Amino acid sequence: MSTATLARPTEHQQAPPTAPEGTPRRTRSRELEGYRGIAALSIVVFHVCQYAFQSSDPAKPSGRFLTQLSQFEIVDILFVLSAYLLTLSYARAALNQGSGLSAGVFLFRRAVRILPLYWVGVTVVWAMRNPTLPGDWRDLLEHLTFTQVFDQKRIFYTLGPTWSMSLEIMFYLALVVLGPLAVRACRGIASRRARVALLLAGTGVLYLIPVVWNSTAYLVFHVSYDHWPVYFGPQARFGAFAVGMALAVLVAARDSEPLFRGAWPTVLRVAGFAIVAGATWYDRPNTWGQVGFHDIAALGWMLLMASTVLGEPDQRWARLLSWRPLVLAGLISYSTYMWHEPIMQTLANHGITSRSGAGLPWAIVAVLTCSVIAGAISYRVIEFPSSKLRRLRNSDGSKRDYYPELSRTGG
Amino acid sequence: MTYALTEAREHLGRQARNLLLVDDDEAFVADARRGLEEAGYHVTVSSSGEAAQPLLAHLRPDVVVIDVGAETTAGFELLRRLRSANLDRAVPVILLTATQDDVVTGLSLGADDCVARPVAIGELVARVRVKTERPPVPAELVTRDLRTGLLAEATIVDEAQRELQRGRRVGRPGAFGMVQLQEMGRLVERFGPGTRVRLAEQLADLLRAEPLPLERLGLDQHGRLLILLPEARDEDVRSRLADLAAQIAATRFTIGEESVRVTPVTGWARFTDATEAGQLLHRAGVATDAAASHLDLVPVMWTPALRHTRSRGTLSESRLRFRQLLDRLRLPAQVLATFLLGIGAPFALYSLLGRLGLDISTAAYWVVTAALLITAVSIWIEGLYALDPKRPPAEPGAPYPTASAVIAAYLPNEAATILDTVEAFQRVDYPGELQIIVAYNTPTPMSIEDDLRDIALLDPRVVPLRVEGSTSKAQNVNAAMSHVKGEFVGMFDADHHPDPLAFRRAWRWLSNGYDVVQGHCVIRNGDASLVAQTVAVEFEAIYAVSHPGRTALHGFGLFGGSNGYWRTELLAQTRMRGHMLTEDIDSTLRVLSAGARIASDPALISKELAPTTLGSLWKQRTRWAQGWFQVSRKHLWSTLRSDKLGARQKIGMGFLLGWREIYPWLSLQMIPVIAYKATQHNAHLHWVVPALLLATLFTLTVGPAQTLFAYRLAVPDLRARRRWFWTYLLVSSLIYTEWKNIIARVAQVKELFGEAQWNITPREAKPSHGAGTQTRTEDAA
């Protein structure tokens, strides 16, 4: 029952893998790809643990540490990352009083990035799990339209982890409304400082909405955590997006100049990890710690990300994140994410892995290996080719002319 | 004098040489004898020419000195006898002369030196010594060419005779090869007779680089290189000659101030095919003549078939009619055979195994489904990659050099379009010099040739070139290579109209690291008929989608035929092979295996004509399909083994040369599976299984997807014809795709049964509706 969106935002995709020396830091693409790789692999491990813990097998894993591990949802870091990258251009436009991307261009780019693999994955897995027609057609319909997150029964059907894609889509829709609004609001403000303050305040409000919603639902209305649409809907999980947006505002305000130097990036990282670890420790069933986990963990993830995007370049941490295998894992992370759940279940159904405590290490290795292989194939066969659809338009969103140099006099 | 005598003695050592001195001046004879004997010569004196003649047979002199001063007639007569007698032709002769006329007469009769009397004995001894140490030898008796160091023809033939006998005696293989330069006659005409020697000198340097063991090299009087290869196996000979040809083709030779490129033609005969060296030489020559009709750098081995030509003229009328009936029935029979093989055989197999209790139809069903899905996925991926075609750098990597366009034309059919075509090339806007070569063949002289010559007079860029004896585009292109001045060559069929900026654009690729770039052929007579219209859209699917998509996906481009641009050096080394039906694809596969870079540029435009009738389209496509099968068989394994290609390129080759050939058969396989299932009483066919429906739907998306990609990526002129694309979708979904599959299957049958009549398919000159349009049947895309 977790999630994440690993489809890279287009702005990031445009950045060269290794920026030439002397150029502005911009998005630190390799390091962010490294984060994405770690997140994707961690989510696979998390789901294998969770799958074992949810088993009715008496020999299923036990113990406090493993129990906490099965609760450790890392998906929020991907929301932070996604929000940061996608908000950056709007934040720059707002602070520099320029104009942001048009909604059409923005949504076109996101659609060609997300939809082909998503629809292929959902359709194929649904067809495999519904041997006769009409099958559970509502499940298919909801997943294809990203509305499964509002269905208590089907939210985790077909491809369970895709609930996060539903949130991602809703974030896009929110951003194409909020982004231009922010740009317009900043136009009338003369002071750059005031514009920064306005944007940060806005993201602060966005962060508080889910905090208030979750706390009220749990503490006032006593809604249990397994009421999925309440705690997995956009209103409950927007906190991570909000902190990612705040991070984008800060980076835009600094004009990509480092804010943290010397030991400060390390301090931020340690603090970020400490917050996430603390939140995880208190993430226990039927407590406020469970419903508040994501909002608190989001702050920790923001600090961690800030240590990179607002920190000095060439730190040891940056080199670690830029390690080629991690970057490659990041590259195929969306595909790995899409296919790991059916792989995990297929391996278990065929007895190749077990859901027992003793079988957990093997299950992790087997599922990780198969998911990475499937992810690599899916990336080459579906994700990368379909990303070429973006080339149908120019960078300004206009229709591409494939024959601009063709002599109009000849032939 | 003392010095000269002493030195002469030292040189002669203990081996005394016979010297015949013919002179009646006793005083001089005495002095001369003394001096010569001191120098180590054994001197025999004769007082007259007549008296000397009987001595020649037993004396066998090493040098003869004749006084022609007093006894002119007899002295000259003796000289004449010496030069006409085989045994003594090579003996050096020094004349002692009294007048200038004696010198002229003596030299013309074959004297090697003339010394005016009176002569000092020391000088005479010195001259004699020179003639015995460095004997002047008649050209035909010199064992090696003095300039090149290559064996003389007679010598190498002698050696060939010895090797042939030795080889036959001990059962060893061996061969005699010949390399002829196709342009030799023209070069001699232009640069003079010394050209042969100058070229031979440079060739000899090339030839000596990596000889086979025991290899000997010679030169005949026509300037052809002779290569004796004792103990060499057929494959060694073939490879040696092919390497040589490639090396020669890649070299620029210098004649005076000029730098020229030549076309080597190589033929060879095996020891086992001849009984004596003369025959071996003759047969190597016959094979070389056969190679000269193709100019494709492929060495031709002599076979008895080179002596014969088949003729139907000898058939009786009834047998001819029967043969014609068989010809007419052949095609329907082949189509039927492919269906029997593709559907009947698998059905029979399922039935047979079913009776034995083994039902493989379900497994076969999934295999076929997977195969169809893989094909569909690959087509989708190709289309998506085509959305982001690689573009050439904005600026050329070097200044615009001289460029050449080679227009290959088959005049009886293409006479109507060729002038238009030449004009289109004259409109090309290219900053450098542009040479426009029209390489054509025609069985009879045509008035259009005069027109071409008139154009050439007015515009020196135009070079009409009649290729005698040519029957293919490959031969025309190969012949044109001798005339190419450009650093790069664009190749075109006779109906091509390149975009005025095409040559600039091609150079932007070639000057930035590419060896070949294939452009986009656009149909310009789509209005002529439904067939032409269908082909017009199909060409967009091929050139704007498949070619660039495949290039981006697999990392290599292909084709290099019409509207293909080559670096001249590479094309000169590669050539086109007339025996290949799609010679351009064959050539690009050969250079790809050798590591060449080939780009595909959909924005590099040339407009051409499509077939307008089903019949001509059938012929064209059968030729293409058979050509593809031919190159697939020839190149699949070699490209997969090439160490110049990466894994991604090899996967691409596997798809292109392997999978694409299997697919027409796979596309039929659902029929026998379903037919077998239907015959089973207890079989339950679940047609509404979601996974099956999904697979079917996905497979069905391929046709519309291809059309959609073609529409989006089509050139503006074609995109404006939206209705054409809808019609294409309908036609291709209903019939055209399967029609092409049938052609592909039939073409494989034709190729496997050795049906090679396509090599010389006559072109039909049937004017269609549009002015200047024409039906073509032979060119490949």
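How many bridges join strand β15 of chain B to β16(B), and do the two run parallel or antiparallel? The points below take up this matter together with the other features of the model.

1. The structure is a predicted model. For the complex, the predictor gives an ipTM of 0.86 and a pTM of 0.75. The average pLDDT of chain B is 84, and 89% of its residues score at least 70.

2. Overall form of chain A. The secondary structure of chain A consists of 16 helices and zero strands. A compact globule of 411 residues would have a radius of gyration near 22 Å, and the value for chain A is 22 Å, so the two agree. The C-alpha trace of chain A spans about 70 × 60 × 45 Å along its principal axes. Of the 411 residues in chain A, 48% count as buried. Where contacts in chain A link residues at least 6 apart in sequence, 78% of them join residues at least 24 apart.

3. Interface between the chains. On the side of chain A, 22 residues are in contact with 23 residues of chain B. The elements of chain A that give two or more residues to this side are α5 (103–129) and α16 (360–387). By residue class, the side of chain A that touches chain B comprises 11 nonpolar, eight polar and three charged residues.

4. The six-stranded sheet of chain B. Six strands of chain B form an open sheet with mixed pairing, in the order β6-β8-β9-β7-β12-β13. Its edge strands are β6 (151–152) and β13 (300–301) of chain B, each of which pairs on one side only. Two bridges link β6(B) with strand β8 (residues 216–219) of chain B in the parallel sense. B:Ala152 has B:Leu219 as its bridge partner in β8(B).

5. Helix α10 (residues 234–250) of chain B lies across β7 (174–181), β9 (225–230) and β12 (264–270) of chain B, and runs at about 165 degrees to β12(B).

6. The eight-stranded sheet of chain B. A further open sheet contains eight strands of chain B in the order β16-β15-β14-β17-β20-β19-β21-β18, again with mixed pairing. The edge strands here are β16 (462–466) and β18 (497–498) of chain B, and each pairs on one side only. On the opening question, strand β15 (residues 434–441) of chain B is joined to β16(B) by five bridges, and the two run parallel. Within this pair, B:Ile437 has B:Val463 of β16(B) as its bridge partner. Helix α16 (residues 473–480) of chain B packs on the sheet, where it touches β14 (403–410), β15, β16 and β17 (488–493) of chain B. The direction of this helix, α16(B), makes about 140 degrees with that of β15(B).

7. Strand β19 of chain B. Eight of the eight residues of β19 (residues 516–523) in chain B are buried, and the strand is therefore largely enclosed by the rest of the structure. Its pairing with strand β20 (residues 564–567) of chain B is antiparallel, through three bridges. In β20(B), B:Tyr565 is the bridge partner of B:Val517. Strand β21 (residues 598–608) of chain B pairs with β19(B) in the parallel sense over seven bridges. In β21(B), B:Ser606 is the bridge partner of B:Cys521.

8. Is B:Ala74 buried, exposed or partly exposed? B:Ala74 counts as partly exposed, because it has 18 C-beta neighbours inside 10 Å, whereas 20 or more are required for a buried residue. Apart from neighbours within four places in sequence, B:Ala74 is in contact with B:Ser48, B:Gly49 and B:Glu50. The C-alpha atoms of B:Ala74 and B:Val715 are separated by 91 Å, the two residues being 641 residues apart along the chain.

Technical notes:
Residues are numbered from 1 along each chain as its sequence is written. Chains are lettered from A and ligands numbered from 1 in the order in which they are written. This is a predicted model: local features need pLDDT of at least 70, side-chain atom pairs count only at pLDDT 80 or more; totals for chains, interfaces and linings use all residues. pLDDT is the predictor's confidence in each residue, from 0 to 100. Two strands pair if DSSP finds at least two bridges between them. Helices (H or I, at least four residues) and strands (E, at least two) are DSSP runs, numbered from the N terminus. Two residues are in contact if their C-beta atoms, placed from the backbone, lie within 7 Å. Axes are lines fitted to C-alpha atoms, for helices over the stretch in contact, and angles run from 0 to 180 degrees between N-to-C directions. Ala, Val, Leu, Ile, Met, Phe, Trp, Tyr, Cys and Pro count as nonpolar, Asp, Glu, Lys and Arg as charged, and the others, Gly among them, as polar. The radius of gyration is taken over C-alpha atoms; the globule rule is 2.2 Å times the number of residues to the power 0.38. A residue is buried if 20 or more other C-beta atoms lie within 10 Å of its own, exposed if 12 or fewer, and partly exposed in between; C-beta atoms are placed from the backbone.
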